[in-house]
Amino acid sequence: MQVPSTIDLAGVDWSLTLTEPGAFETPQATGHQWDHVPARVPGTVAGALAAAGRYDPDNPDPLHNRDVWYEAWFDAEPGRYRLCLDGLATVAEVHLNDEKVLVSRNMFRKHEVPVDLQQRNTLKLCFRALEPHLNAKGARARWKPQLATSQGLRLVRTTLLGHMPGWCPEIHAVGPYRPVRLERADKPRVVTRHILADLAPDGSGTLTVSLKLENIDGPPVLHCAGETADMTRQEDGSFSATLRPENIRPWMPHTHGDPALYQVKVEAGGHRFSLGKTGFRRLEVDEGEDGKGFGLKVNGISVFCRGAVWTNADLLDLPSDEDTYRPLLEAARDAGMNMLRIGGTMLYESRAFFELCDELGILVWQDFQFANYDYPVKDEAFVEEVRAEVQDQLTDSMGCPSLAVLCGGSEIYQQGAMMGLPESRWKGPLCEEILPELAQALRPDVPYAANSPCNGVLPFSPNEGIAHYYGVGAYLRPLDDARRANVRFAGECLAFSNIPDHRSLEEHLPVKPGHDPRWKARVPRDRGAGWDFEDVRDHYLKELYGVDPLALRYGDPDRYLDLGRAVTGEVMERTFAEWRRKGSSCQGALVWTFQDLMMGAGWGLFDAAGRPKPAYYALKRAFRPLQVSVTDEGTNGLAIHVINDCPQERSVTLSLTCLKDGQVPVVSGRKDLVLPPHDAQTFNAVELIGAFFDVTYAYRFGPPSHDVTVVRLSDPETGDVVADAYHFPMGFDLTRMPVTLEHKLQESDDGFWWLELQSDRMMQFVIIDAEAFLPADNWFHLVPGERRRVRLRPWEDVEQGARPNGTVSALNRQGSSAFS
């Protein structure tokens with residue numbers, strides 16, 4: 001019988017037990033006195049206890065004040081092996097057959113340990129209580145941020161998730177959260193690899209690969225894109241080769257082209273090894289004409305980067321597999337997002353994350369996991385841990401073209417500067433020397449940014465370099481501040497308390513705002529602040545819709561929630577219209593954040609169950625690669641911005657219609673356009689109408705002649721609307737009115753369900769509630785006479801052939817209509 005070369009320890013039975021700190025110094029005191037709980041590996045203590053009904057994620061117990069022992073028994077062919085541990089959170093001891101083989105103090109390290117196996121073996125992992133380490137004294141900090149609960153987190157290499165009250169539940173990351181496996185020591189393998197795929201300005205590609213092999217005889221041969229090259233032995237024992245494949249297609253973010261990938265393989269000694277897929281692309285930082293900006297050029301094409309700051313797919317279990325990532329990343333792609341940022345307060349993601357972003361054409365901004373604190377870089381042991389951590393993490397994503405920015409961390413410079421310290425005190429060797437040197441050595445194809453934010457007269461000034469922009473948002477600035485601030489690139493921005501749809505709340509948080517403390521407990525707030533982000537949402541609710549949020553919250557909580565769902569999306573959509581227009585200084589902006597970590601009105605565009613919130617649909621419209629938007633320029637009229645991010649020329653018809661009473665056309669115009677690839681243009685409404693008309697109601701000659709302007713981009717051959725935008729010169733009037741709505745549910749030949757809608761009057765913020773199905777678009781405006789077809793896809797497990805059913809309503813329509 002052939003002996004397996006790898007033993008995946010996820011396939012064995014694990015158990016865990018909690019003890020008092022230091023109760024057992026060795027693993028030998030096992031037996032009936034321990035309270036064992038079934039566990040999964042990879043997994044976390046919180047996840048295992050929750051599965052056993054002994055941990056409430058909504059009211060989490062501390063886990064850093066206990067030792068936790070994991071234990072597994074397994075059989076193996078006796079011999080020499082390598083024990084591979086991809087992530088242990090956080091201070092961990094590894095015992096094999098009662099022998100201590102490893103001590104790790106860094107959650108972000110990967111380990112390989114040579115071990116000898118017997119016929120019958122026991123593996124025990126001890127995760128020591130972190131609390132004593134957090135309370136230990138270290139070098140004196142020059143500043144103390146309020147972000148997290150413990151200043152000791154600057155001394156320990158672990159995630160800040162679970163330590164930031166007001167941001168996320170205090171679910172502590174403890175356990176073997178990444179895979180554990182055993183490999184035979186004589187297994188042929190690639191020990192180290194370095195992959196660099198480059199694209200020259202003339203479109204030619206170059207692939208350079210260097211690697212070390214183990215347990216293999218014979219020279220290796222490199223394969224990629226139909227080309228091969230013999231690899232040459234170097235003085236250090238490694239092999240290297242360079243390929244220049246012909247007729248390769250460049251890798252581009254999906255909004256601007258095709259994310260083309262090519263398999264990289266090596267053959268040696270009768271063995272074939274996959275080094276994963278790579279893409280040929282060239283990244284450059286675009287600092288603008290004045291040298292003070294920040295943006296990305298991919299293969300010479302300027303890319304407006306839009307998306308969100310990634311949080312984590314599941315704070316309870318910290319999964320890192322493709323099945324967990326894929327639905328969320330596909331939803332990001334479908335929304336027109338072309339960049340996700342892994343912030344310094346989060347967690348390094350696995351290679352599966354990067355491979356999916358490669359496939360889907362999503363750029364990744366990777367902060368190294370440092371945030372806010374003054375880290376002890378004079379401690380050589382700490383610095384050595386950092387070096388090993390970065391080596392492990394960047395090797396894991398080697399060759400992935402989606403990795404687009406490496407950043408020294410989050411808000412370190414900002415925190416020191418806001419404390420009133422001079423630059424010499426907050427700008428130091430961690431972000432200026434240590435991290436960039438490692439980044440350059442391991443990923444020279446990826447630009448490096450010292451911090452997010454950075455540059456400017458202060459490192460958080462939005463008009464230079466990278467900003468964290470919350471002028472529109474937490475600082476309650478008017479919407480036109482998005483232009484006045486002269487934002488160059490927002491590494492994070494906006495941050496609203498986005499309300500989930502009513503179905504998610506009914507299933508997971510069936511309470512009313514203002515009536516139950518559980519609601520407020522789920523609203524994010526900055527630690528120590530006397531306000532929260534619901535107050536921010538309420539400010540814009542009053543400004544845009546002219547309602548009293550407090551009175552509405554208590555008098556009609558359901559209406560309050562619906563208006564709140566609409567307003568955050570409206571503000572974000574209008575802000576991105578400002579930033580994406582031709583002539584804007586902004587070259588990218590990432591919304592804070594992608595997904596909530598607990599159910600409620602958090603920052604996320606997705607709720608904690610993974611369901612898109614109404615704000616997601618607004619950004620899906622704002623991020624369209626082929627886009628039209630409008631900005632009110634006052635006495636200069638209505639500016640119409642047309643964008644074609646696509647690599648193909650597009651013929652479109654641009655049309656404008658002004659409606660009175662949301663129903664009667666009073667003026668209209670159109671213009672046929674041929675949009676070059678990767679191009680943006682701006683028109684004035686007068687160019688379509690052909691004469692003066694007070695579209696923005698700036699001159700106020702008598703009463704307003706219309707209440708809404710509808711602007712569309714249409715396909716000239718089919719007449720299908722590909723993008724639309726709306727302007728309400730007098731602001732929103734969401735008074736409920738009688739509106740006749742026709743609707744039809746149809747099943748297409750390919751098995752998809754479509755809901756067709758048509759109304760006799762303008763419907764604002766149409767809401768489709770389809771129970772177990774999700775609409776491709778929602779919370780949109782419906783023009784009278786327009787036939788709008790919306791695809792419905794299953795959200796939950798539904799029976800084959802199940803028919804959608806639900807209701808259609810709108811914020812300015814009386815009642816709702818049922819469909820089935």
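**Entry 1: charges over rings.** I began with Arg-791, which lies over the face of Phe-752, 3.5 Å from the ring centre. A word of context before I go on: this is a predicted model. I then looked up Arg-788 and found its charged end over the ring of Phe-780, at 4.4 Å from the centre of that ring.

**Entry 2: ring pairs.** How many aromatic pairs does a search of the whole structure find? I got 34 aromatic pairs. I picked out Trp-592 and Trp-603, whose ring centres are 5.8 Å apart with the planes at 70 degrees, so I logged the pair as edge-to-face. My reasoning used the cut-off that planes over 60 degrees apart count as edge-to-face. I also checked where the partners sit: Trp-592 and Trp-603 are both in the loop between β29 (588–591) and α15 (614–622), 11 residues apart, and the pair links distant parts of the chain.

Are these two tryptophans buried or exposed? Trp-592 is buried, with a relative accessible area of 5%, and Trp-603 is buried as well, at 6%.

Next I turned to Tyr-616 and Tyr-617. Their ring centres are 5.4 Å apart and their planes stand at 80 degrees, so this pair is edge-to-face too. Tyr-616 has a relative accessible area of 5% and is buried; Tyr-617 is buried at 4%.

I then asked which residues ring pairs link into a cluster with these tyrosines. Besides Tyr-616 and Tyr-617, I wrote down Trp-310, Tyr-325, Phe-353, Phe-354, Phe-594 and Phe-606.

**Entry 3: the largest pocket.** I noted a volume of about 1,400 Å³ for the largest pocket. Its lining has 42 residues, and those nearest the centre are Asp-86, Lys-110, Arg-181, Arg-193 and Asp-396. I sorted the lining by residue class and got 14 nonpolar, 12 polar and 16 charged.

Which element gives the most to this lining? My answer is β11, with six residues. Elements that each supply at least two residues include β8 (111–117), β10 (180–184), β11 (189–199) and β12 (205–214).

Entry 4: I listed 45 lining residues, with Leu-479, Glu-570, Arg-574, Val-630 and Asp-632 nearest the centre. Among the elements giving two or more residues to the lining are α9 (481–484), α12 (533–545), α14 (557–580) and α15. The strands on that list are β30 (626–632), β36 (721–727) and β41 (780–782). I found that α14 gives the most, with nine residues. By class, this lining divides into 21 nonpolar, eight polar and 16 charged residues.

**Entry 5: cysteines.** How many disulfides does the structure hold? I found zero. I looked at Cys-305 in particular: it is in no disulfide, and the nearest cysteine sulfur, that of Cys-586, is 9.7 Å away. My cut-off for a disulfide was sulfur atoms within 2.5 Å. Cys-305 is buried, with a relative accessible area of 0%. I checked Cys-168 as well, and it is buried at 5%.

Methods
Residues numbered from 1 in each chain as written. Predicted model: local features only at pLDDT ≥ 70, side-chain atom pairs only at ≥ 80, totals over all residues. Heavy atoms only, no water. Phe/Tyr/Trp six-rings, centres within 6.5 Å; stacked < 30°, edge-to-face > 60°. Helix = DSSP H or I, 4+ residues; strand = E, 2+ residues; numbered from the N terminus. Buried < 20%, exposed > 50% of the residue type's maximum accessible area, 1.4 Å probe, protein only. Lys NZ or Arg CZ within 6 Å of the ring centre and 35° of its normal. 1 Å grid on protein atoms, 1.4 Å probe; cavity = no way out; pocket = protein on both sides within 12 Å on 5 of 7 lines; lining within 4 Å. Points joined across faces, edges and corners; volume = space filled by probe spheres on them. Nonpolar A, V, L, I, M, F, W, Y, C, P; charged D, E, K, R; others polar.
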